[in-house]
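Hi,

Here is the structure I promised to pass on. Have a look at it first, and my notes on what turned up follow below.

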Amino acid sequence: MPLRDDYLKSLDTDEGDVTKILWYSGVAQAAVTLDKHGDTPERNTSQSRIFNDTREEGTWRSGSENDSRLIFPIGSLTKLLIAFLISIMVDKLPYSDKPEDEQYRRLRKLYPDPWGTIFTTLFNSFSEKRIAPLPKNPLLRHVLLHFNSLPPMNSILLAPDGTSLMSVEEFLEVAPRLSQEGESIEYSNGNYILIGLLIQAIAPPHETLQTLMYKHIFKPLDMNHTYMSRTDVGDTPYARPHVVSTRGRRELVHDPGYGADTIVCPAMGAFSCTKD
């Protein structure tokens, strides 16, 4: 619908819609972007504003789109980072001539079309921990797109307060038994746990998700306040995370790691900031 040019500015008040939502929900920070399409591409405009739950003497303070003061769990946006990383490992690094990238060259030698290879075949070729075949034999690209792979499984992955419950070994044993026959697309954190485990299986033994992300994504893109490990967050202030529990309620996550350094990290464990 048509919006006034000053609409976003009008939200930046004590009585604005966004500040009320932050207040009621206890959310620490929200980013709002307004895109306005003109008659031609040259007349398109975009406005962005950051709203913080930082009340000083009864007022709200809004920051800039380059705000890196507050680190927060990005939840399922972690999946975008994982999808980007596996794409780099499959489509770019195998063509590198650097000695440290031999493992990725080996991937393409064994499987000229990794995306079209059955996921469990690929995984068991590189991982010391094995997984039984999934009933629908999804390809690597299928698991990435939640097609014919794992069903939703948060009820066994997470406690009601969001605490991770399973070890890698338990996950690899249970996951194949959950998949059912018949074609389907079902969004599942389990699929990106599989992708994360594959990334770690293919990568050199000394690499972790954090070091891989830093080397291939965070450093090249100047993402200086994004982390896959709670250890790397260190003492940086960050917003306490919340999760929708298995009871359908909003719960504060008591484990400050939120999923970083646990089995669910590739699906929902990253920390970042508005700037990054």
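The largest nonpolar core has 55 residues, and the members that touch the most others are Phe171, Leu194, Ile195, Ile199 and Met228. By nonpolar core I mean a set of buried Ala, Val, Leu, Ile, Met, Phe, Trp, Tyr and Cys residues joined through side-chain atoms within 4.5 Å; buried is under 20% relative accessible area, exposed over 50%, and partly exposed in between (1.4 Å probe, protein chains only). At least two residues of this core come from each of α3, α4, α5 (119-126), α6, α8 (168-178), α9, α10 and α12. The most come from α9, which gives nine. Apart from this core lies another, of six residues, including Tyr227, Tyr238, Phe271 and Cys273.

Before going on: this is a predicted model, so local features need pLDDT of at least 70 and side-chain atom pairs count only at pLDDT 80 or more, while totals for chains, interfaces and linings use all residues. Residues are numbered from 1 along each chain as its sequence is written, and side-chain values use heavy atoms, with hydrogens and water left out. Helices (H or I, at least four residues) and strands (E, at least two) are DSSP runs, numbered from the N terminus.

Back to Phe171: leaving out residues up to four places away in sequence, Phe171 touches Leu150, Met153, Leu157, Met166, Pro176, Gly190, Ile193, Leu194, Leu197 and Ile263. Contact here means heavy atoms within 4.5 Å.

Next, a helix pair. The axes of α5 and α9 are 8 Å apart, and the two pack at an angle of about 35°. (Axes are lines fitted to C-alpha atoms, for helices over the stretch in contact, and angles run from 0 to 180 degrees between N-to-C directions.) On the α5 side the contact is made by Phe119, Leu122, Phe123 and Phe126, and on the α9 side by Leu194, Ile195, Leu197, Leu198, Ala201 and Ile202.

Then there's α10 (residues 209-218), where seven of the ten residues are buried: Leu209, Gln210, Leu212, Met213, His216, Ile217 and Phe218. They sit on the same side of α10, because they cover an arc of only 160° around the axis (taken from the directions from the helix axis to the C-beta atoms). Among what covers them are α3 (78-91), α4 (102-110), α9 (189-202), α11 (230-233) and α12 (265-268).

Last one: His146, in the loop between α6 (140-144) and α7 (154-157). His146 is buried, at 9% relative accessible area.

Cheers
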